[in-house]
Amino acid sequence: MLRRVLMSLTAVLLGFYLATPPVSAQSLDEFENKVTEFTLDNGLTFLIIERPVAPVVSFATYVNVGGANEPVGHTGMAHIFEHMAFKGTHTVGTNNWEEEKKVLKDLDNTYQEWLSEKYSTQPDSAKMDKLWTQFENLQEKAGEYVVNNEFSEIIDRNGGTGMNATTSQDRTNYFYSLPENRLELWFSLESDRFKNPVFREFYKEKEVVREERRMRSESQPIGRLIEEFASVAFTAHPYGRPTVGWHSDITATTMEDAREFYNTYYVPNNITFAIAGDVDPQETKKLAEEYFGDMKEGPKPPPVYTKEPEQRGERRFTIQGESQPFFIMGYHTVAQDHPDSKALQLLGSILSGGRTSILYKRMVEEEQTALQVSAFNGYPGQKYETLFATLAIPNQNVGVDTMETSILEEIEKVKNDGVSQEALDRARTNARANLIRSLDSNSGLASSLASAENLRGDWRKVFTDIEELNEVTIDDIQRVANEYLTKDNRTVGAIVTEEDNSSDEEVADANN
Amino acid sequence: MAVFAFACSQTEQVADSQQSDNTSTNPYENMDFPELNNFQKPEVETFTTENGITFYLVEDKELPLINVSTRVRTGGVLNSNEKTGLASITGTVMRSGGTETYPADSLNAMLENRAASIETGIGFTSGNASMDVLKEDFDDLLPVYLDILTNPTFPEDKIELAKTQQKSSISRRNDDPQQIGIREFQALIYGEDSPYGRNTEYETINNITREDLVNFHNKHFSAGNMMVGIVGDFNTEEMKQKLRNSFGELQNGDKTQLKFPEVDYESQSSINFIEKSDVNQSFVMLGHLGGLRDNPDYAKVQVMNRVLSGGFSGRLMQVVRTEMGLAYSVFGQYGMNSFYPGMFYAGVMTKSSTTAEAIDAIIDQIERLQEESVTEQELQDVKDQILNSSVFEYDSYEEVLSERLSNEYRGLPADAFEQYIEGVKATTIEDVQEVAQEYLDPENLQILVVGNKEEIGDQLEKYGDVNEIDITIPEPGSGDKQMVEGDAEKGEEWLSKMAGAVIDSDTELNSISLSGEMNMQGRKMPMTSTITYPDAIEQTINGPMGEVKVIYEDGSGKMITGGQERSIPPQMAKNLKSTLNRSFLSIALNSDQVNPQYLGEEELDGSSYAKVNVTVDDSNITLLIDTETHYPDVIRYKQFNPQMGEQVTIENHHSEWHVVDGIAYPYLQETMVDGNKSGEAVYKSHEVNK
C-alpha cells in the first residue's frame, strides 16, 4: 500500500494510453444512461455510475490541485496534505480532540519559532536547540492523544480494498472500494476528512515523506534522471519542480501552511466524487446532501499564472552515475485540451506503441540497440503546456548517443515524409480498444470519469475524445512534428556510467 | 510568525460540540449496515476433451470482448542451473518469432490492426498463453492463437534478440536497490545454486541453443498439459463446439511432472551487507524460510501475518512508519507457496542513519507476536478485514475464472478460498500466539541490508560478523580459469630471469612514480602515477573533463574531479586491484605465488619469446619474455568487456625500456584489444622509492 506521489515514467505511459482514448458514440449513449450527475448547492459535483456486476462499490475523489499549484517555497505541499488526509478528523484518530488541538497549536507555534530562528540572519543555536527540545516534548505529548491509523483501520475492517491516494502535478486523488452495503460509511468518513481535516502527526509524516523522496527520487537512477529532466526543461512553469518536494521546502512547511493550502484548494467547487458499482443514484443523492451539504463554499481557487516562456535553445545535461545508462529527451508542447494534443498523442503511439511502432521496430527489434523505448505527450502533466517526451534504455553494448541519433532520425523522417495512413488507423484502433478494456472495472470507471469531470469540466470527454482522434489526419501528424519537435525546443538528458571502459583502460595502461 | 491562524470553520465547531460530552462516539460507530445485496457467483462451465484438455467457461456480456487463457504445466523450475533462463526465453520467442503461417511481422500487424493481443510467457511454475480480442475477431484469430501455441518457428534472429535483451537486463540488475535486495535475499534463503535462489547469468544465456527451445516447447506444450479458461461475450454451447473443433486436434503428449527439489534450509542468524554507494536509504530484508500452502495452519498463520504486516493496520506500519516516522515503505509476508516453501520476511526502506533503529523496531514486533497475545479487538479487526473484504474475491468474471484455474493447477480444492474463510473465522487469540511461536524464529533471522557503507557506519556490527556479499555480475567464459599445464621448472626459471631483469637484485622495490602522457583516440592526456606495493595507487590524469585524481588503497578509494570528492564504486576498486596485480612489477614481486608454467617459444613481430603462463587472481596471464633482455615485452590476458558482453583478448606491448635506480620500465606501452590498438602510454621518467 503505497501512496504514490510521482508517477514513474511507466505509470505515466500507462496513464497516457488509458486517460484519453476514444470509443464509439454508441458507448457514450450507453453511458449517458448509466451515469447520474449532480452538483450540490455548495458546488460539490458527484458522478454515480451504475454497474451492478457484484455487490461492491468503488469511490474516487478528485481534487483539482497538484504540485503545479504549490506556492514558491512549499513544493511538496499538495502531497503532504494528501498524506494528512489519512490522519483522521476531530472524531476519528483521537481520544480527546479538545486537548489534542491545544497541543497541536503549541507544537506548530514552536516549530514556526524554530524555523524563524533557523532562517534569521544570525541564528542563535542555543535558542534553536531549546526550541527543538520543546518541540520534541510537545510532539510526544500530542502523540498521547493519537489513535494510531484509526481512519484507515475503519476502512480496512469494513472490508475496504485498494485504499490509496496519489498526487501528481495536476491533481490529487483518493480512492478505495467497499462492499455496497457500506456506502454510508464512505460518506461519513470522506465528508469528515474533507470538512474537518486535522494536521495530526504532521511533523512525523514529513519524515515519512522524506523517506518516500529518498526511495523514488534519490536512490533510483530513473528517479534522479526524471527529476533533473523536468527541472532543466522548465525554467518558469511549476512543472519543473518535483511533486514530492525539495528537502528544504519540506522542512519549511508548517501546519499553518497546510491549513492555508486546504482553505484555498479544498473547496467544494474544486472537488469531484465518483461512485461506481452496485449503487442506487437516488439513495446516493440523499446521502450526498446529508453528509456534504454543509461543507462550506469557497472562492474559486487561483489559476496558475506562470506560462513557460519560449525556449531559446537546446538544453542538455548529463548525470555521471554508477548505474547503466538511460536516455531522455523532451520537447515543449501543448496542454491536454489544446487541439494539437490529439495529433501529438497519436504521434507518440505511432512512434512507440506496440511491436509495429517505428522506434520499437528499429531500435528494439532490428538494430537491437534498445531494451525499451517510449514516446508520449504528457510529462510531467497534462493540464498545462507539457512535454512530448521520449525515454530510451540502451542495450548492453550501446551508448546514449546511439539512442539520440536513432530517435532524432526517425523524428526527422516523420517531419519530412509523414506517417502512413495504416499506422494512424492502427494507433486510433488501439486507443479505442484500450478505452473499452478500461471500462470493465468499478475503480477504473470511477477514476477516469471523475478525472475528466474534475480537470476538464466534463466526464463525457472520456468518450468524445474519439471524435477528435478521428479528425486527426496524417498531415496533422506531420505538421505537429514539424511545429513542436525542433532542436531549440528540446531538452536532452542522460545518465552515463562513470566507470566506463576508457577510465579503466587509462589506469590499465599506466600500471603495466 | 508566532500567531497560529487556525481557521475555525463552522463545521469544526459543530463537530466540537458533538464531542463535548467526551463520549467519543464517532458517527461511523453507530452505523447500521443493511444486508449485502444478493450475489450469485457466476457458474463456471467445464468440460474435458478426449485429448485431455479441461476447459472452463464463464459468459460475461458486459463488453464485446473475449479472453482466452491457456495454462500449461511447465516452468523454469525444470531448467538446469547451466541453462537457467531457457523457459523464459522459450516463452518469449514463441510469440515474438511467430509461426510459418504467421511470421512475426505480419502477425504483429494483423493483431495490432484489430487491437487484439496474443501473448505467451513461461514463469517459474507454469506457462501461459493468452488471447484478448474483440468478439467479432474471435473466429479469425483462434487458429492464429493455436498455431502460436503449437507451431512456433523459433527463428534464430528472434532468439538472438531475446538473448540480447536478457543480457541487457542482467547488466542492469544492480542498478536498483530493491531489485538487488529481493534477489539476494532469495539467494540467502534458498541458496544461490538452488532453482529458487539462482540467477540467470550471461553464461547460462549463452548456453541456450535453438534446439533447447524447440525441445522444451515440444515436451510441454501438448494437450495433456493444458487447461483453458475463456471469459467474455459468447454463447457457451457454441463456444464449446468451437473449442472442441480446434483444441481437440492437439496431440495428447506426455504429461509433464513438475519436480520441486526440497529446500535444504538450516536455521541461522546472519547479517549480510551489500554496498551501494549511490543511495542514501537502506533497503532491508530480514526473515527465514516460510511454509507451504497445504499446511493445515494456513489460515491461522495468515491471520498472524495480517496482525504483523497487513497494510496500514498492521503493526509494522503502525510502529515503524506512523509512530516512528522511519519509513515510507515497511512491509512483510509469511509466504506459503503451493509447490515449494515460501519465505517469511519483513522489510523496510529507511535513511542510512536509522538502519539499525528500523531493524530493531521490526524484530521487536516479531518477538512481540510470540511473547504476548493479541488483543480481542485486534483479532476481531483482522477477522473483519478478511471477512468483509471477501466479497471482492469474486467481484469480476475474470477473477472467478482465474481463481478456479489457479486452484486446479495447484491441486487445491475449488472451494479453497471458502475453506480459508472458515479457518479465519475459527482462529482464536491462542492460535495466533501458538503459530507465532511455532512458525516465527526471531532468534534465527537472516538480515540483509543494501545500502551506503559510508553513511551506515558500524550500525550493523551489533548483529554479528557482517558478511559482505559481492554482487559483481559473473562474466561468461570463465572456462579460462582452467589450469594451464606446462613445464613448471622451466617456468620458474624464466620468471626468475624476468624478475631479475626488471628489479635489480640489490633493489628493494616499495614504490614507483611515473610521469608521462596517455594517448587515447588521438587525445593526449598528461598523467602522473605513484604505485606503492603491494596495494596502493595514486594517479592524476588531465583528461578532456579536467583533472581526475584517483586515490586507491587496499580495496577502496576515492576519486576527485573538479574539487568534488567521491568514493569509487566497488567494481572500479576491484578493477584497479586486478590491474595492479597483473602488472609485470607485481608479478615479479610475487613470483613465488603465481604458478609459472613454461609453454614453449612464441614468435611475434620477428622476435622470439619464451612463453610463460602465470596465475593471478585465478586468471591466466601469458608473459612473452624476450630471450635476450628477459624483459616481459608482451602481457596477454582475457577480460570480460561489459560493453561488448563478451571476452576480449588484451595485449600490452612494452618497449623502450629504461633503467633507473635498479628498476626497468618500458617508456612506450601499447594496448591491443583483440588485435586492434586501443591506446598507448608514453612515459618521460620514473622514480623509485621516492
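How many residues does the contact take from chain B and from chain A?

**View 1. The contact between chain A and chain B in the predicted model.** Chain A gives 92 residues to the contact, and chain B gives 99 residues. On the side of chain B that touches chain A, the largest share comes from helix α5 of chain B, residues 156–171. That helix supplies seven residues. By class, this side of chain B has 42 nonpolar residues, 41 polar and 16 charged. For the complex, the predictor gives an ipTM of 0.87 and a pTM of 0.81.

**View 2. An open sheet of six strands in chain A.** The strand order is β1-β2-β6-β3-β5-β4, and the pairing is mixed. Strands β1 (35–39) and β4 (161–167) of chain A stand at the edges. Each has a single partner strand, so one side of each is left without a neighbour in the sheet. From one strand to the next, the twist averages 10°.

**View 3. Strands β2 and β6 of chain A, joined in parallel.** Six bridges link β2 (residues 45–50) to β6 (residues 271–277). A:Ile49 has A:Ala276 in β6(A) as its bridge partner.

**View 4. Helix α3 of chain A across two strands.** Helix α3 (residues 77–84) lies across β4 and β5 (172–179) of chain A. The helix runs at about 155° to β4(A).

**View 5. Residues 1–24 of chain B, with pLDDT under 50.** The model has 34 contacts beyond four places in sequence for this stretch. Where pLDDT is low, the predicted coordinates should not be read in detail. Chain B has a mean pLDDT of 90, with 94% of its residues at 70 or more.

Conventions
Residues numbered from 1 in each chain as written. Chains lettered and ligands numbered in written order. Predicted model: local features only at pLDDT ≥ 70, side-chain atom pairs only at ≥ 80, totals over all residues. Contact = placed C-beta atoms within 7 Å. Helix = DSSP H or I, 4+ residues; strand = E, 2+ residues; numbered from the N terminus. Nonpolar A, V, L, I, M, F, W, Y, C, P; charged D, E, K, R; others polar. Pairing = 2+ DSSP bridges. Axes fitted to C-alpha atoms, helices over the stretch in contact; angles between N-to-C directions. pLDDT = per-residue confidence, 0-100.
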